[in-house]
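Work through the exercises below with the coordinates open. Each task is followed by a stepwise solution.

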Amino acid sequence: MGMSVTISAATAEDAEQIFKLQYLAFQREAELYGNYRIQPLTQTLESLKGELATDTVLVARLGDEVVGTVRGNVDEDGTGKIAKLCVHPRLQGHGLGARLLRAVEEALEGGGGTARFRLHTGHKSESNLRLYRKAGYTQVGGRTASDGVKLVILEKEAKNAGDFAVSA
């Protein structure tokens with residue numbers, strides 16, 4: 001059999017591969033919405049490098065090739081915000097997106113202080129919505145992005161959310 005896909009923390013050296021993968025993987029979304037100005041396609045390499053320095057960024061590797069990635073961070077309210085989950089088109093539909101989602105949730109929870117996870121996707125992105133619902137996310141709202149795409153906002157409670165005391 002071939003090599004297996006491994007998931008690990010991204011390094012600064014991964015920036016260009018992540019940048020190219022993101023551009024490739026989000027083409028289908030852009031086509032779906034007839035909008036090639038969506039944020040993952042207009043993000044600059046410098047902006048991505050900034051996220052690598054401040055956020056939790058994971059990559060899925062097949063050998064030396066980055067074939068999947070996801071980013072996240074925890075805000076002051078304990079919300080783990082997950083973004084830009086993408087998988088190389090040739091590997092989509094094999095569970096790698098679900099593995100990346102679980103891995104970033106675990107990484108964000110590992111620092112403690114995470115009460116819930118939040119992410120968003122376009123309202124027409126049925127495969128994304130299916131993935132997130134299967135992972136336990138439910139719709140909590142919606143908004144229109146600056147590029148005009150209608151987004152569905154989804155959340156789920158973190159496993160350790162019950163460990164937090166609510167202060168009045």
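The model is predicted.

**Exercise 1. Find the strand order of the open sheet and its edge strands.**

Step 1. Trace the pairings. Seven strands form the open sheet, ordered E1-E2-E3-E4-E5-E7-E6. The pairing is mixed.

Step 2. Look for strands that pair on one side only. These are E1 (5-9) and E6 (138-144), the edge strands.

**Exercise 2. Describe how E2 pairs with E1 and with E3.**

Step 1. Take E1 and E2. They run antiparallel and are joined by five bridges. Ile 7 has Ala 60 in E2 as its bridge partner.

Step 2. Take E2 (residues 56-62) and E3. Seven bridges pair them, again in the antiparallel sense. Thr 56 is bridged to Gly 72 in E3.

Step 3. Inspect the turn. The hairpin of E2 and E3 has two residues between the strands, and Gly 63 takes a positive phi near 65 degrees there.

**Exercise 3. Is Val 67 buried or exposed, and which residues does Val 67 contact?**

Step 1. Locate the residue. Val 67 sits in strand E3 (residues 65-74).

Step 2. Apply the cut-off. Val 67 counts as buried because its relative accessibility is 0%, and buried means under 20%.

Step 3. List contacts, leaving aside neighbours within four places in sequence. Among them are Val 5, Leu 21, Cys 86, His 88, Arg 90 and Leu 96.

Step 4. Compare sequence and space. Val 5 is 62 residues away along the chain, yet the two C-alpha atoms are separated by 8.4 Å.

Step 5. Follow one contact back. Leu 96 touches Val 67, and also Val 5, Ile 7, Ala 60, Val 87 and Leu 91, not counting residues up to four places away in sequence.

**Exercise 4. Which residues of the largest nonpolar core touch the most other members?**

Step 1. Of 23 residues, Ile 82, Leu 96, Leu 101 and Tyr 137 touch the most others.

Step 2. Assign elements. E2, E3, E4, H5, E5, H6 and E7 each supply at least two residues of this core. H5 gives the largest share, six residues.

Step 3. Look for another core. A second, separate one has 19 residues, including Val 59, Ala 145, Val 149 and Leu 151.

**Exercise 5. Characterise the second largest pocket.**

Step 1. Take the volume: about 250 Å³.

Step 2. Read the lining. Of its 14 residues, Lys 81, Ile 82, Ala 83, Arg 118 and His 120 are the closest to the centre.

Step 3. Assign elements. E3, E4 and E5 give two or more residues each. E4 has the largest share, four residues.

Note on methods:
Residues numbered from 1 in each chain as written. Predicted model: local features only at pLDDT ≥ 70, side-chain atom pairs only at ≥ 80, totals over all residues. Heavy atoms only, no water. Buried < 20%, exposed > 50% of the residue type's maximum accessible area, 1.4 Å probe, protein only. Contact = heavy atoms within 4.5 Å. Pairing = 2+ DSSP bridges. Core = buried A, V, L, I, M, F, W, Y, C linked by side-chain atoms within 4.5 Å. 1 Å grid on protein atoms, 1.4 Å probe; cavity = no way out; pocket = protein on both sides within 12 Å on 5 of 7 lines; lining within 4 Å. Points joined across faces, edges and corners; volume = space filled by probe spheres on them.
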